[in-house]
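Here is a short briefing on a protein structure. Look at the sequence and the model, then read the points below.

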Amino acid sequence: MRDETFIEQVLPAQKRIALIAHDNMKPEIIDWCQKNKEVLSGHFLCGTGTTARMIADRTGLPVYGYNSGPLGGDQQVGAQIVEGKIDLVIFFSDPLTAQPHDPDVKALLRIAQVYDIPIANNRATADFLISSPLMSTTYTHYVTDFKQAVSKRAATL
């Protein structure tokens with residue numbers, strides 16, 4: 001049941017994957033990337049500052065780095081999602097440690113949800129995503145046509 005309030009978006013076969021991890025989870029995401037290096041090497045990788053640099057240094061995978069999370073990196077990744085430039089987020093978050101930039105993290109998770117972007121926040125979910133047959137094919141999904149929604153709303157105010 002799709003109507004004019006939705007637009008079709010196609011995720012390409014070569015996904016644009018954001019890799020993010022809280023400090024206590026950096027060793028785990030690096031290990032995960034190393035174990036999945038063959039699959040990840042077929043995709044465009046980016047991430048927040050320290051995580052991106054550490055993954056690149058320790059795995060040899062090319063990872064484009066944004067700012068560190070507390071310095072706006074989470075917001076930069078969120079902006080890329082809004083622009084349609086990130087297809088998947090792997091974010092190994094630490095649920096047991098308070099984060100000083102928690103509002104930024106929540107905003108990133110929210111924007112990924114708004115734009116129907118697959119997001120894994122732990123190793124098990126990341127394993128399920130990366131082993132999916134959809135990782136190597138195009139995937140069509142439907143998201144709210146926000147431009148149309150804003151125009152309709154503005155017309156009623």
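The structure, a predicted model, holds one cavity of 30 Å³ or more. A cavity is a set of points on a 1 Å grid over the protein atoms alone where a 1.4 Å probe fits but cannot get out.

**Cavity lining**
- Lining residues have an atom within 4 Å of a point.
- Among them are Ile17, Trp32, Leu40, Leu88 and Met135.
- Helix α6 (123-130) and strand β5 each supply at least two lining residues.
- The largest share, three residues, comes from α6.
- The lining divides into nine nonpolar, no polar and no charged residues.
- Nonpolar here covers Ala, Val, Leu, Ile, Met, Phe, Trp, Tyr, Cys and Pro.

**Sheet**
- Helices (H or I, at least four residues) and strands (E, at least two) are DSSP runs, numbered from the N terminus.
- Five strands form an open, parallel sheet in the order β4-β3-β2-β5-β6.
- β4 (63-65) and β6 (119-120) stand at the edges with a single partner strand each, so one side of each lacks a neighbour in the sheet.
- Two strands pair if DSSP finds at least two bridges between them.
- Two bridges join β5 (residues 88-92) to β6.
- Val89 has Ile119 in β6 as its bridge partner.

**Basis**
- Residues are numbered from 1 along each chain as its sequence is written.
- Local features need pLDDT of at least 70, side-chain atom pairs count only at pLDDT 80 or more, totals for chains, interfaces and linings use all residues, and side-chain values use heavy atoms, without hydrogens and water.

Definitions and conventions. On a 1 Å grid over the protein atoms alone, a cavity is a set of points where a 1.4 Å probe fits but cannot get out, and a pocket is an open set with protein on both sides within 12 Å along at least five of seven lines; lining residues have an atom within 4 Å of a point. Grid points are joined across faces, edges and corners, and a volume is the space filled by probe spheres set on the points.
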